[in-house]
Amino acid sequence: MRFIETEFFPLGLVNEKSASEKQGGGRPPFWEMVFWWTRKPLAGARAVIAASLLPDNASPSAFKNMVGLGSGTTHRSNPHIPESVKEYFEGKRLLDPFAGFGSIPLEAMRLGLKATAVELLPTAYIFLKAVLEYPAKYGKEEIEIKDRNELAFYLGKGRRVKKLIYDVKRWGEWITDRLKEDQDIRELYEDDVAVYIGTWEVKCPHCARWTPIIGNYWLARVKDGSGKYRRLAFMHPVVRDDKVDIKVVDVNAIVGKVSRAKLDHNVIRIENRAFEVPEANIEARRNLARCLLCGNEIKYVDDKGNIADRGEWYVKWALKKYHVGDERSARQRLLVKVKIVDRDLIFECCGEEDDKNLGKAKEKVKDLIEGGEVDIPNEPIPEYEKRQWMTTNYGADKFYTLFNPRQLLTLVKLVKLIREVGRKVEEERIQEKWGKEEAKGYAEAVASYLAVALTKHLDYNSNVVAWNPATGFGSPTAILRAGHTLSFRGIAMVWNFIDYNTTYDYIGYKKDLEFQTKSLEYLVSTLGLSSQLKLAKKGVNSDVKAILDDATSLSSLNQKYHIIVTDPPYADDVPYTELSDFYYVWLKRALSDSDGKRLIPRFHPEAFFRKTDNGYEEIQTQWQEFARREISTNPGRFLDVPNRNKFASKHFETLFNLAFLTMKSKLKENGLLVTYYAHTSPEAWANLLYAGWKGAKMHITNTFPIVTESAQRVTGRGKMRLDTSIIVVWRSGVSGSVRINDQSFRLNIIENAKKKALFLLKVSKKEDYKLRGRDILIGTMGVVLAGITQYEDVRDIRGSVPIKDLTERYVFPWTTEGMFQALGEHCGEEENAVSIEEPVTRYYLLLKAFFGATSNGERFERLKVSSNELIMLKLATGVDASSFIRSSRPSHNNTYLFKKSGSKSELTFLEPLKTDAQYFSSYLEERGIMQGGNMVINNSIDMFHYLSYLAAKGARPKDYEEVQSYNPRAFEEARSVAHIFSKVLLEKDPEREMAENVLKIRMF
């Protein structure tokens, strides 16, 4: 048994450290190399890996010190493995077959393990090389810089620096200098302009004049830390003759400080001054735009562009024409240019010269396209991904169409410069007497970081990056870099796009290079001082490999691993294949050679080309090559298949099962498989259980939730979050069969669940645990799953129980029963206490005792419960929340537990927030307990709240006797509710005070 399979794993502390990583200053620097959708916190990954290797009798306090869970940020210090436990780490191998951005294998390296990171997609594979392999392989070499003019960005003469970091900085500077010298680039941008804000114009079908389409007129709407406005500026359209000009209204420049400003919808009010910000003239969701010249609504046209009652929205029709070269109905236009002066942003209107520069770039790009320029990515965007790739609706069907001509021309020049650097670095190393292969490998590393910087830059510099006026002014670049292409799970059409000056030092390609060098400094320092190096000195060959392979086969791996720790995909996961093609088409060009007509293999040929009998054939896009091999449910990928929705679901299940079978085959005897899983829906659990238990014949030994999102999202006030990642620990082997309806089996499972829940309740307030309700629920469910999955076959009177039935009819209800029994035992016995059997009261108790209201200082806030959590609670208790939602008019035969919140996917739990009688009177009406002056008590939680109201207003014994006669059983159970609440709720929770007041009633 391993430490991770025990209840002594310091979950609360691990979650606290993990949550801090997902926020500003706590983020690992290498996360800023480039945007990726999911990155697991290093603190959690390190703790999970170490706990998967250590024996079950490991000291919890020693474990805490070993993995750095003390003060400070865990990932900023390396683990310290005592001599007494080094045997559990030396020579051990870890596999992560879904490595993503490399958090798990990176922490494995820091613990001294031999790590193998596998990815299906070439884009992720390149990033893994940059995060894992290159810092470990090339990060030790140092050089001494004697000439301070040679390296101005290093301070001091005679300083020794890491050669890899030096070269990435040096060659990045070389590229930036070449761009600044490039005549094409110099004539397109003003030197002192950091960013241009542009939009689309369409020729109005009513008046035949050009009108800009502006989705947001705000330029700056920034608050300081106290919530007061710090910077206010906006655009205003001015109609002159047949043209719409733009005027900048800088409120700060007009009135000075704007800290007293109030915003009333779109009107800024400062003392006796008022400024009206124009409304957007487009509502894309309604297929509606408005001409700023004639005022007419722009709606539908026929296929020839004539106004019609129905048809295609004119704006879409016009943009589609634009993307096939017909610019008679749509074009791009620059509105405002942004400068940085004395750490402030200065907004100026763009003039005719600025649009002329955009036109010059358009002509140059047109010549390149017509000349067959290989470095312009003309690969197709997948049309079937309209759910994510909204731009295809507007005709942007090739990757180069996601950039305006000036951006595109600059990116093509960056590609050629990176390619040239690759050659120069290789030549340098050969001159230094390196072998040709070694020199090429080093050049590949340097070029790869420069190419990753390119992907970072293009993510922030496309015509689908929106200008975001509301980001804070920590620095001028904070607002300038507020949005990026992949901000969401897709690429959305925007109407106020931004165009960076790539040569501007604080915002352009040079800035993106800084992210690479800072990341490298962190990674080189981290891996250079890690346990890996210390073990290597003893003759242990600690290494890391990033491998391009398919997790359903892992055909390139010919060895077995001590542990597999991984985050497998989910059915409705991010469409990584299609979205990361946005990076792929540029990485392929920057890291390959070109003969002017086609790309030729150079660096990472395995990522960009497939081997054929005649040599190499270019892989056009990932979506064309890998989409149907990615483990996810995406019906769009199967347009040629009948009933594609059903087929896509089955396809996911098949690949998911194959992945688990393959992972099991790569485990050593007695090895552990540890999976992150970020779903709580019954279907998701059924998929997981089928793949791991039924398919791979593995059983679960433990489960617990681990933070993988920011503290604001996961532990945010008033939020119940069951959809964090759940750690599931697996071991090989299942045997025998069991009858699920056997009474002794059922009672044994529930008893074990009770013991686990009781233990978790008792340690929940300890410093290293700090458990919350969902932690206890998932931990208790782990015991139930462990008891069930040890058997190969679970049967009832009808035969083998389907997994979905197993989770719904047994796993969740038994988990809940164990928690309720633990709750009662934790609170202790009391004379005259009765067991609570009534379902709605059990439901309320489960929510309140384990998840309820959270404190915001002295104020409590009601819990928000998501749809996934409502499903789980329904399975656990049999209570359907939809029957207890407060509607506009209360019914006469029901009381309410929830009301609708602002989000469609969650409900607000109706728990009381005050204890005074006046508040309680309105609260009882809100709950439906008082309806038209009549008392309606359907269950014991209703009775508890009504008794609380009576106690608050100082009722007489006679009043209680009357209520008792109304519903004697509910009256008895209300006492048990009060007893539990008085023991388990937070001291300042209003409902705890209510419980204590009810227990003081003389009748009791």
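This is a predicted model: local features need pLDDT of at least 70, side-chain atom pairs count only at pLDDT 80 or more; totals for chains, interfaces and linings use all residues.
Visitor: Which strand or helix supplies the largest share of the lining of the largest cavity?
Guide: The largest cavity, with a volume of about 110 Å³, is lined by 13 residues. β28 (698-706), α23 (743-763) and α24 (773-789) each supply at least two of the lining residues. The largest share, 3 residues, comes from β28.

Visitor: And which residues lie nearest the centre of the largest cavity?
Guide: Its lining divides into 6 nonpolar, 4 polar and 3 charged residues. Out of the 13 lining residues, the ones nearest the centre are Glu7, Phe9, Leu11, Phe704 and Leu760.

Visitor: How many charged residues are in the lining of the second largest cavity?
Guide: That cavity has a volume of about 70 Å³. Its lining includes Trp200, Leu319, His323, Tyr394 and Met493. Sorted by class, the lining has 7 nonpolar and 4 polar residues, and the number of charged ones is none.

Visitor: Over to helices: what distance does α25 reach from its first C-alpha to its last?
Guide: Helix α25 covers residues 803-827, which makes 25 residues. At 1.5 Å a residue, the expected reach is 36 Å. The model comes close to that, at 34 Å.

Visitor: How far apart are the end C-alpha atoms of α26?
Guide: Helix α26 runs over residues 839-851, so it has 13 residues and should span 18 Å at 1.5 Å a residue. The distance in the model agrees with that: the end C-alpha atoms are 17 Å apart.

Visitor: Is α26 mostly covered or mostly open, and how many of its residues are buried?
Guide: Buried means under 20% relative accessible area. Among the residues of α26 that pass are Val840, Arg842, Tyr844, Lys848 and Phe851. The helix is mostly covered, and the buried count is 12 of 13.

Visitor: At the start of α26, which residue's side-chain oxygen reaches the backbone nitrogen of valine 840?
Guide: The oxygen comes to within 3.1 Å of that nitrogen. It belongs to glutamate 838.

Visitor: What about charges: how many salt bridges are there?
Guide: Side chains of opposite charge can pair when their charged atoms come close. Here the cut-off is a side-chain nitrogen of Lys or Arg within 4 Å of a carboxyl oxygen of Asp or Glu. Counted that way, the total is 77 salt bridges.

Visitor: In the salt bridge of aspartate 184 and lysine 413, which residue is buried?
Guide: The closest N and O atoms of this pair are 3.2 Å apart. The two link distant parts of the chain, with aspartate 184 in α7 and lysine 413 in α11, 229 residues apart. Aspartate 184 is at 24% relative accessibility, so it counts as partly exposed. At 17%, the buried one is lysine 413.

Visitor: Which residues are linked with Asp184 and Lys413 in a network of salt bridges?
Guide: Asp184 and Lys413 belong to a network of salt bridges.

Visitor: Is aspartate 242 buried or exposed?
Guide: Aspartate 242 forms a salt bridge with arginine 209, the closest N and O atoms being 3.1 Å apart. They sit in two loops, 33 residues apart. Arginine 209 is at 22% relative accessibility, so it counts as partly exposed. With a relative accessible area of 53%, aspartate 242 is exposed.

Visitor: How many residues apart in sequence are glutamate 271 and arginine 260?
Guide: Their side chains meet in a salt bridge at 3.2 Å, N to O. Glutamate 271 lies in the loop between β11 and β12, and arginine 260 in the loop between α8 and β10, so the pair ties together parts of the chain. Their separation in sequence is 11 residues.

Methods. Residues are numbered from 1 along each chain as its sequence is written. Side-chain values use heavy atoms; hydrogens and water are left out. Helices (H or I, at least four residues) and strands (E, at least two) are DSSP runs, numbered from the N terminus. The expected span of a helix is 1.5 Å times one less than its number of residues. On a 1 Å grid over the protein atoms alone, a cavity is a set of points where a 1.4 Å probe fits but cannot get out, and a pocket is an open set with protein on both sides within 12 Å along at least five of seven lines; lining residues have an atom within 4 Å of a point. Grid points are joined across faces, edges and corners, and a volume is the space filled by probe spheres set on the points. Ala, Val, Leu, Ile, Met, Phe, Trp, Tyr, Cys and Pro count as nonpolar, Asp, Glu, Lys and Arg as charged, and the others, Gly among them, as polar. Buried means under 20% relative accessible area, exposed over 50%, partly exposed in between (1.4 Å probe, protein chains only). A polar contact is a pair of N or O atoms within 3.5 Å; within protein, one must be able to donate a hydrogen and the other to accept it, and residues adjacent in sequence count only if both atoms are side-chain atoms.
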